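I opened this notebook to record what I looked up in the structure. The entries follow the order in which I consulted the model.

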Amino acid sequence: MPQFQTALPSPALPSTRRLFQTLLVLWAALCVLTAGAGQIAPPVDAAQTAVSADAAQMAAPIDAVQVPVPPYSARVLDTSGTLNTAQVAALNEQILALEADTRAAVVVFMLPTTGVEAIEEYAMRVFEAWKLGDTKRDDGILILVATEDRRMRIEVGQGLEGSVPDVLAGRIIDEQMKPRFQARDYAGGLQAAIDHIGAAVRGDAQPVEDTGRGVTPFGWAFLASLLWGFAVGAARAHRKWKWKWPMTMGVAAALPLVAAAALKAPGLAIVMLTFPVPLAFALGFGCGRSRTLRRVVGGIALVICLMAGIAYAVGANSFGLGLLYAAGGAVACLLLGIIGAGAYMAFKRSLLEFGVRCAVVAGIVGYVAFKNPPDLLFMDWESWLPTGIAAGLAMLFGFFPGSVSTSSGGGSSSSSSSSSSSSSSSRSSSGGSSSGGGASGSW
């Protein structure tokens, strides 16, 4: 009598799918906490709230709230009331002496805020309106300080960009102005900046090497945290790893927390643990389980290294922007492909599962959009950033486990996972002009 074998049911929930569902829950909780934190603000009185609401209603067009450029009236103009009369007179004498020696037209402008504009854009408007410097020599320099914004900029005319390059302007801001501004010595910071600008224009300053290719400590901490998360994920994929998931997550979060503590930047830990480190962990776990994914990730890493090497060789000024757009587009297409494949697999496997995943994604996106309402008229594209980021991340984590499939028959089951890493004018007119050269900073 023939014997019939009954196929054993496959495991109820593979460990890979359980991992990504855990990550989805953690990420959703962090989204809720981040959106809720944005609602916490210092208390204001009712009158101030009413004035702010009326101002917001009156300022419908963006151009209407731009801070106007005052007419040029003095070499030292302080509309913020930061400098006293003696300090203004001392700065004016210093600028007159520099102008008599080098003919360079240096102007200091202090104001409370640049409003909705970045300080770079407002500095360009001031430079264009005041026509600083001689028409032929283009030897004007604007030192702009926004006290309430805690931002400053040195805008350099085209004729002096060789004497005062961007890297030197940035060094003057970081080494001369910023420390004094932090000590509330605004006059001293401006005097030191004018002294160093004068030395550069006269040719007395030592040449400065461009150090823009260096990686900041925050950059090193970010890269190290990503590699650490990838390594922990790859190690966890091996069967010999005996630690439970809570201990594993603690190990993955250890390095970002230590780096944030060393740099005294708790926000860095929040940013890294919200998305980059979990994604690197998931990618490492997938590479440890899938040979195909290892090949794909290896190829992508090779391409990134080659592109970074080319950018380093030719210089970031000519290659960096195009490289950024190309890499961003490639990563976006890859993420869209992963989301589409995961959604299709979830739909084919179970309509109920697909509907639940869609509901979770819609709930997260709806909550973020409710807490950060976007501009439905699309006049302010930046207002869509929170909703767009939430939609992309929610779909990535919501449908990524859809690529995990199970099958029963003959007492066997299989699972696979895949992931991806994210990286994510010249002006001319009468009078001096600036092409945007200079540097900005904050204190």
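I looked up Phe 109 and recorded it as buried, because its relative accessibility is 1%; buried means under 20% relative accessible area, exposed over 50%, and partly exposed in between, with a 1.4 Å probe and protein chains only. The model is predicted: local features need pLDDT of at least 70, side-chain atom pairs count only at pLDDT 80 or more, and totals for chains, interfaces and linings use all residues. Residues are numbered from 1 along each chain as its sequence is written, and side-chain values use heavy atoms, with hydrogens and water left out.

I then turned to the aromatic rings. A pair of aromatic rings is described by the distance of the centres and the angle of the planes. Rings of Phe, Tyr and Trp (its six-membered ring) pair if their centres lie within 6.5 Å; planes under 30 degrees apart count as stacked, over 60 as edge-to-face and the rest as tilted. I noted seven aromatic pairs by this rule. Helices (H or I, at least four residues) and strands (E, at least two) are DSSP runs, numbered from the N terminus. Trp 130 is buried, as its relative accessible area is 8%.

I next examined Phe 181 and Tyr 186, a tilted aromatic pair with 5.1 Å from centre to centre and 55 degrees between the planes. Phe 181 is buried at a relative accessible area of 1%, and Tyr 186 counts as buried at 13%.

Which residues do ring pairs link into a cluster? I listed Tyr 72, Phe 109, Tyr 122 and Trp 130.

I also checked for a charge over a ring (NZ of Lys or CZ of Arg within 6 Å of the ring centre and within 35 degrees of the ring normal). Arg 236 lies over the face of Trp 245, 4.1 Å from the ring centre.

How many disulfides does the structure hold? I recorded zero disulfides, a disulfide being a pair of cysteine sulfur atoms within 2.5 Å. Cys 287 counts as buried at 5% relative accessibility, whereas Cys 358 is partly exposed, with a relative accessible area of 30%.

My last entry concerns Leu 223, which is found in helix H7 (residues 217-237). Leu 223 counts as partly exposed, because its relative accessibility is 41%.
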